[in-house]
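Biologist: Could you walk me through this one? I'd like to start with strand pairing and then move on to the helices.

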Amino acid sequence: MNPLELGTAKTTEDTLSKPYPMHEPISRRAAIKLIATATVVGAATGIKTSAAEAAPPRTPEAKPIDAWSRTHDRVWLGGEFWANPMEDWQVADGGAECRSLGGNRSIHSLTHQITNPEKGFTLSVQVSQLEVRGKDNGAGFRVGVRSELNEYRSNCFVARGINAGVADGQLLLGPKTGPLSAPVESKNIRLLLSGVASGTSITLTLVARTADTETDLGKLIHTVPTESLLGNVALVSNYGPEGVQNAAKAAPKGVSPGRSRYRFTDWKMTGEAFTISPAQRFGPLLWSMYSLSDSRTPDGFVMKISALTGPMGRDDSQVVELHVQRSGAWQSLGEAKLDPDAWVATFRIPQWDEKQATPYKLVYRQKHRDGTVTPDEWTGTILANPVDRPLRMAAMTCQNDYGFPYEPVARNVAKLKPDLVYFSGDQIYESHGGFGIIREPAGPAILNYLRKFYQFGWAFREVMRHSPTLCLPDDHDVFQGNIWGEGGAKMTNPAADPTAASSGGYVEPARMVNAVHRTHVSHHPDPHDPTPGQQDISVYFGDMVYGGVSFAIIADRQWKSGPGHVKTDGPRADHVINPKFDCSALDQPGLVLLGERQEEFLKKWAQDWRGHSLKAVLSQTVFAAVATHHGSYDGYLKGDLDSGAWPQTPRNRAIDILRPAMALHINGDQHITTLVQYGVRKQRDSMWSFCTPAIAAGYPRWWRPDDLGLPHTNRPKHSLADTGEFLDGFGNKVYVYAVGNPAVGKAPNRYDKAHEKGSGFGFITFDPAKKTYAIDSFRFLIDSTDGKTTNQFPGWPVTIQQAENRGENRID
């Protein structure tokens, strides 16, 4: 965890100051100034052209690609679009309106990408000015929007391309500007943009017309390289400084940020330049997650599934229906209500037939203003309980969105066909998608969170639709650099800790925290004890019995004490930087790691062997400090209190409780993959821990004890550097068998950079018959099925015997 990965909170200049209820329609401003757009046709260098150079474009005959005229008022614009950022937009009175005066607010088409510019295209849209404060930075189209991948999801977060619209009373097309023939305040304007091949280039023509009479108001022509048009097509409210999409970034010196916002209607696209992909729609049903568990009660196996939608409006449908296919026919299992904060509908089906795979279908019926209804379906498979064979689990953590959409990891996990998928936390970071964070009030903060969380589902929904999924929230998921939950306490002085990294308690409103929990764990098996903590914050610890394995699901930071209870030597309360500092002084009486409630649960769980023969513990982070350098290659840190190595006494107590379970501890968070064995009274007397690689590692960490000359004993037979028996910075006994130290990430391509930084994923094969855990730690840019030894980090794969998790060791 690291505050450097945090975004910047939005200011009142970036979004309208008046918060809006999440579930109420949003009225338009009374005074609306109308503005509109232009088209691209010819290949000239000026504003005036002859008929031979460019024929005036005509409004496309096609239907609008948007359904806003039929959409009820709400925040979410529809499955055909990605809005930047979602919380700054709304459908109101049949149009898409930007609520923010900030720059580079955009709407990307998910279904239409320009792939063959030479074949020609025409765009049109009606644009209306809603508000201007100071300079008008305009609105209109942006074409050729692409990342280095030119992949439609990653393209959505690029704030550069060829702008074609109106700004400050003039037409704007790339670097060119030209006057409108009439004042824009008095006109209802339609913008048209066309592209026509001109040799090896494309001639763009932008035309502005009155929307009612089709009277030309102006035209610009500009010729561009063909490849410059490849990528997404977007609408933009307020052309901000190019490339600036994050509220943490300032506008370039001397560039006026501009304060304006716009409304769009009747967006049309035609031409063979487009590849049209309806399957790229994202919603109304965004994705699903489910679990299947032997309850060991009269309920038998219980299947729970959650369906997530975009945030809906008051007049939209508020329910999702679940169907399953049995004997070749679809059967409805009823409806579930959408939670009005988390926008998740959860089904709990007891006495599930776990012996066979069952296709399912989730249905959301989208109501329209004209009384019609459009059903949206999301399908998948509830897998059969894997018996009489090993269970295969993919384990992942930490998704920094510089690597979005993480396609190499998502593809490789799908290739391995896991029986279970596990995400251990940090599904988002505050910087996700740009535009900063909203701390409060709760309603806008939740929308801000949801928009970021949707990137997680967008990337991994294909594997989650077919495999049971466990998904733990962690600190960045609730907008904190580190979390010391203290049982749900409220952070007392957040102003003194802007990144919420070193103070105890939760900085976000409890309502927002609970919405985060619901989006993550609503589909989990029922919690062991659902009694909420302080501030009525929900809890989720419990177990899942599946495939002959019992998984204890715990929250290793929700009750943890904050560093304010002790005194370290560093500028941050949670860091120890002096190598001579005695960290035993930090092990004060009364400090908490897991808390009494989770400890009591684990005591019972360790002794309960009903329905399974192997156990595993799933939590956010490792119970050892297996990192010597943080943030930079030479950034030495003796102790990071955010790790599960501190507080030492409750750490040791937790391991003692778990020893009879002979459980493998599977976790993440550290951005460096490790395989270690815990020691309490002596080295290697307890369970093993597998800390998985980050999906896309941001803040880097290294374990480099050899470079520091730290003493060790009993280096494994493989003789890899930085391995063996150590005392970590807090004095805990830890046997390091394997570690995946990263390089310094420098590559311009996001996937190359993620690979350099030690990203990847874990995979564990549980064999209840042999009582073994086979552990793989895969790198980022590999093919997980080709068998190459270089696919994994040094020291992997490893197979651990069950009894080794209580110190009966075979590995040496």
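Modeller: Val 676 has Ser 689 as its bridge partner in E35. This is a predicted model, in which local features need pLDDT of at least 70 and side-chain atom pairs count only at pLDDT 80 or more, while totals for chains, interfaces and linings use all residues. Residues are numbered from 1 along each chain as its sequence is written, and side-chain values use heavy atoms, with hydrogens and water left out.

Biologist: How many bridges join strand E34 to E35?

Modeller: Strand E34 (residues 673–679) and E35 run antiparallel and are joined by 4 bridges, where two strands pair if DSSP finds at least two bridges between them. Strands (E, at least two residues) and helices (H or I, at least four) are DSSP runs, numbered from the N terminus. E35 also pairs with strand E33 (residues 664–668), in the parallel sense and over 3 bridges, and there Ile 666 stands opposite Phe 690.

Biologist: Which residues of E35 are buried on its two sides?

Modeller: In strand E35 (residues 688–691), Trp 688 and Phe 690 are buried on one side and Ser 689 and Cys 691 on the other, and both faces are covered; buried means under 20% relative accessible area, exposed over 50% and partly exposed in between, with a 1.4 Å probe and protein chains only. In a regular strand the side chains alternate between the two faces of the sheet.

Biologist: What is the order of strands in the open sheet?

Modeller: The order is E27-E28-E30-E33-E35-E34-E39-E38, an open sheet of 8 strands with mixed pairing. Strand E27 (542–546) and strand E38 (724–727) are at the edges with a single partner strand each, so one side of each has no neighbour in the sheet.

Biologist: Switching to helices, how do H5 and H6 cross?

Modeller: The axes of helix H5 (residues 596–607) and helix H6 (residues 648–658) come within 8 Å and cross at roughly 25 degrees, the axes being lines fitted to C-alpha atoms, for helices over the stretch in contact, and angles running from 0 to 180 degrees between N-to-C directions. H5 and H6 are therefore roughly parallel to each other, a label for angles under 35 degrees, with over 145 counting as roughly antiparallel, 65 to 115 as roughly perpendicular and the rest as oblique.

Biologist: And which residues make the contact?

Modeller: On H5 they are Glu 599, Leu 602, Lys 603, Trp 605 and Ala 606, and on H6 they are Arg 653, Ile 657 and Leu 658, with contact meaning heavy atoms within 4.5 Å.
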